[in-house]
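Trainee: I am new to this structure and would like to go through it with you. Could we begin with the terms and then look at the parts?

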Amino acid sequence: MRISTSGTRRWILASALCGVLITGCSSGSGSGSGGGDGDAKSRAKPAAEPKPLAEGALRPLLLSQADLGSGYVQVQEEPDSGKFDDISVQGCPALEKMGQDGDENMFAAKAETSFTYDTDATLGEELHSDRPSMLSTKLRELFGAYTSCPTYTMTAGTTPIEVKVVKSAAPELGDEQFAYTSTMELPSGAQVLKTMAVRKGNVAVMLVGAPALVDRHMKTAVGKLPTGS
């Protein structure tokens, strides 16, 4: 049994609710020197951050069937209609609060797609864009909430699902990397999903799905991002 994939966000959320941050890499540190006379005009100004990309600019950067190869079928996106109302978390205050606050407006822009592979595996992608400092801060907050609860119960409708998470290796791509593997104990057996996010400048790539598929395609996904982002 698989969690239904009515668009990317349902199972992105379902797996994100199983999260553990593995790596939050470098954080920038500024250095500067003032002129001997202390004149404010002589002090170096911080470099302006790249602005967020619009959704229309993100969409061409999403993975396509041509990028993935044979065996993948793109899932048709459906309009939102309260499709998260039946998903909740018990036993993890940080994740419960995140669910109450919602994350639809967490980043300035977003684009998404999802695929099935050989009919029984899934791979979903989300691209998020914001100013690099804001994108980094929000990703750390998001994955930080996951770190706080390595085990908890997720309820989908009326079905309680026990969730366990473990840290996972993330490739050294981009500026920051985050990864975890979650195991959901469903009535028909265990469901294993891997979530990996890589930030490169003002864009972050998140892949969720079968661990082998996430590992196989992350480098390609990051490679589609603009070099100067």
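Mentor: Two strands count as paired if DSSP finds at least two bridges between them. Helices (H or I, at least four residues) and strands (E, at least two) are DSSP runs, numbered from the N terminus. This is a predicted model, in which local features need pLDDT of at least 70 and side-chain atom pairs count only at pLDDT 80 or more, while totals for chains, interfaces and linings use all residues. Residues are numbered from 1 along each chain as its sequence is written, and side-chain values use heavy atoms, with hydrogens and water left out.

Trainee: How many bridges join β8 to β9, and in which sense do the strands run?

Mentor: β8 and β9 run antiparallel and are joined by 7 bridges. Their hairpin has 2 residues between the strands, and Gly-201 there takes a positive phi near 65°. Arg-199 stands opposite Ala-204 in β9.

Trainee: What about β7 and β8: over how many bridges do they pair?

Mentor: β7 and β8 pair in the antiparallel sense over 11 bridges, and a hairpin of 2 residues joins them. Glu-176 has Arg-199 of β8 as its bridge partner.

Trainee: How many residues of β8 are buried?

Mentor: In β8, 9 of the 12 residues are buried. Buried means under 20% relative accessible area, exposed over 50%, and partly exposed in between (1.4 Å probe, protein chains only).

Trainee: Changing topic, where is the kink in α6 centred?

Mentor: The kink in α6 is centred on His-217 and is about 40°. The bend at a residue is the angle between axes fitted to the seven residues ending there and the seven starting there. His-217 is also among the buried residues of α6, as are Leu-213 and Val-214.

Trainee: Which elements do those buried residues pack against?

Mentor: The buried residues of α6 pack against several elements, including α3 (65-68), β4 (121-129) and β8 (189-200). Contact here means heavy atoms within 4.5 Å.

Trainee: One last topic: which cysteines form a disulfide?

Mentor: Cys-92 and Cys-149 form a disulfide, with their sulfur atoms 2.0 Å apart; the criterion is a pair of cysteine sulfur atoms within 2.5 Å. The link is right-handed, with 95° about the S-S bond.

Trainee: Why does the pair tie together parts that are apart in sequence?

Mentor: Cys-92 lies in the loop between β2 and α4 and Cys-149 in the loop between α5 and β5, so the pair ties together parts 57 residues apart in sequence. Both Cys-92 and Cys-149 are buried.
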